[in-house]
Amino acid sequence: MYQQLFIPIEEHINKSYNIYFSDDFKKDWFDLLKNFRFTKNVLITDDNVFTYHKELIQTLANQLQPSKIIVRPKGEEYKHIKYTQEIYEDLIQYEVDRKSGIIAVGGGVIGDFAGFIASTLLRGIGFVQIPTTLLAMVDSSVGGKVAVNVDVGKNMIGSFYQPRVVLCSLAFLRTLPEKEWICGLAEMVKHALLKRNVYENFKKVVFNQPDYKTWDFELWNRLIYESIQVKAEVVSKDEKESGLRSILNLGHTVAHAIESLTNYKEFSHGEAVSRGLVTALLLSKKKFQLSDKIIEEVIQIMRLLKLPLDTANLKANEIAHHLIYDKKNQKGKIKYIYLKDIGNPVYDLELDIQDFLDAWMLQKDLFG
Ligand SMILES: NC(=O)c1ccc[n+]([C@@H]2O[C@H](COP(=O)([O-])OP(=O)(O)OC[C@H]3O[C@@H](n4cnc5c(N)ncnc54)[C@H](O)[C@@H]3O)[C@@H](O)[C@H]2O)c1
């Protein structure tokens, strides 16, 4: 099982790249990395991933000479800008030059953090993504958004910086903790909602074999491939989110408000996205008459995947406050992504705050 997906970036074809997929880290991927001829290879990972996958990471470092491994503490708090300076200084002392490369081996936190360093150090050095979580495979490693956090907001400092290649080995998923699956699955549901054929395939799999723990690698490979294709298609057409790319925020407006209200501590991103997707379905029914049949079907899929649908006792007006004061809003207007039908999202519309309050109350009545 070995697949390849080309990500063309339409406006800058020299930024296009491949994603390679396999059930294990392929021997020829070492050669592929060697062929970049990075003058220095800097592998950045976190302590969790390093503990589980030390052998592979050390083999990578041995094969790619000269090389250095940087092991960061795990967790979102270490994606803060204050930790970048020590890395810049370390790499400058290591005599990294513009032909050197950073290889991120980790989840979205490591990918975003290492990608941000790669995009800014010496005005940009080589960058490779080796995603190790389901979320990083289907979402964060593709699309070129890299960022770090500041005290007043998440992902506020960043850039668009495409990797030279993404190497996606499903073997990493063998060690993924239970709660991390939810994060990736929620994004897979979102991608499925954006494209009819992906949705139909995903639905068939979930209805026939609801327990994702029993899905074999071949099935995962196909589903991850299709899910990334949705994102890849969008990103190719609108790399810098001037319009279309915002459809990838389906369910995320409310999710971000939930995360911000709870200081990013109570819920994982996936748990917030899952609840935000339910709100998006209810708001889409009101605004665009999204059919009950579709809503029930999507809810059934999410239930079977054990994704949370409830309001977690969060108060509508408190979420509304975070929606209104989101730093990404323009002129106080809340941009919102609706769904007219499966595969037919609508972007660039505003959210009426009363509609949100009503939808949240309905979500509470329906799912607790
Ligand atoms: N750039 C983008 O387009 C984009 C898109 C979505 C999310 N993100 C960012 O991604 C981050 C979330 O990513 P995430 O969910 O991957 O979180 P993460 O990177 O924090 O990984 C989650 C946890 O799983 C551990 N882990 C990673 N791989 C493992 C493995 N194979 N086995 C065992 N444990 C493993 C990590 O150490 C961590 O504790 C957020 O910072 C978010 O802002 C970025």
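# A walk through the predicted model

Val71 sits in strand S4, which spans residues 67-72. The structure shown here is a predicted model. Val71 has 18 C-beta neighbours inside 10 Å, so this residue counts as partly exposed. Buried would take 20 or more such neighbours. Leaving aside residues up to four places away in sequence, Val71 touches Thr45, Asp46, Asp47 and Phe50. Take Asp46 from that set. Val71 and Asp46 lie 25 residues apart in sequence, yet their C-alpha atoms are 5.0 Å apart in space.

Helix H6 leads on to a helix pair. Two packed helices are described by the angle between their axes and the distance between the axes. H6 covers residues 178-194, and its partner H10 covers residues 269-288. Their axes are 7 Å apart and meet at an angle of about 30°. Angles under 35 degrees count as roughly parallel, and H6 and H10 are therefore roughly parallel to each other. Their crossing is left-handed. On the H6 side, the contact is made by Ile182, Cys183, Gly184, Leu185, Ala186, Glu187, Val189 and Lys190. H10 contributes His269, Gly270, Glu271, Val273, Ser274 and Leu277. Seven residues of this contact are nonpolar, four are polar and three are charged.

A second pair is formed by H7 (residues 196-208) and H8 (residues 217-237). Here the packing angle is about 150°, and the axes are 10 Å apart. An angle over 145 degrees counts as roughly antiparallel, so H7 is roughly antiparallel to H8. The crossing of H7 and H8 is left-handed. H7 brings Val198, Asn201, Phe202 and Val205 to the contact. H8 brings Leu219, Leu223, Glu226, Ser227 and Val230. An α-helix has 3.6 residues a turn, so residues three or four places apart point the same way. The contact of H7 with H8 has six nonpolar, two polar and one charged residues.

Next comes helix H9, residues 252-261. Is H9 mostly covered or mostly open? Mostly covered: eight of its ten residues are buried. These are His252, Thr253, Val254, Ala255, His256, Ala257, Ile258 and Glu259. What covers them? The cover includes H10, helix H12 (316-324) and strand S10 (335-341). Just after H9, the backbone takes a positive phi of about 55° at Asn263.

Finish with Ile92, which lies in helix H3, residues 84-93. Is Ile92 buried or exposed? Ile92 has 12 C-beta neighbours inside 10 Å, so this residue counts as exposed. Now compare Ile92 with Ile319. The two are 227 residues apart along the chain, and their C-alpha atoms are separated by 43 Å.

Note on methods: Residues are numbered from 1 along each chain as its sequence is written. This is a predicted model: local features need pLDDT of at least 70, side-chain atom pairs count only at pLDDT 80 or more; totals for chains, interfaces and linings use all residues. Axes are lines fitted to C-alpha atoms, for helices over the stretch in contact, and angles run from 0 to 180 degrees between N-to-C directions. Helices (H or I, at least four residues) and strands (E, at least two) are DSSP runs, numbered from the N terminus. Angles under 35 degrees count as roughly parallel, over 145 as roughly antiparallel, 65 to 115 as roughly perpendicular and the rest as oblique. A crossing is left-handed if the near helix is turned anticlockwise from the far one by less than a right angle, and right-handed if clockwise. Two residues are in contact if their C-beta atoms, placed from the backbone, lie within 7 Å. Ala, Val, Leu, Ile, Met, Phe, Trp, Tyr, Cys and Pro count as nonpolar, Asp, Glu, Lys and Arg as charged, and the others, Gly among them, as polar.
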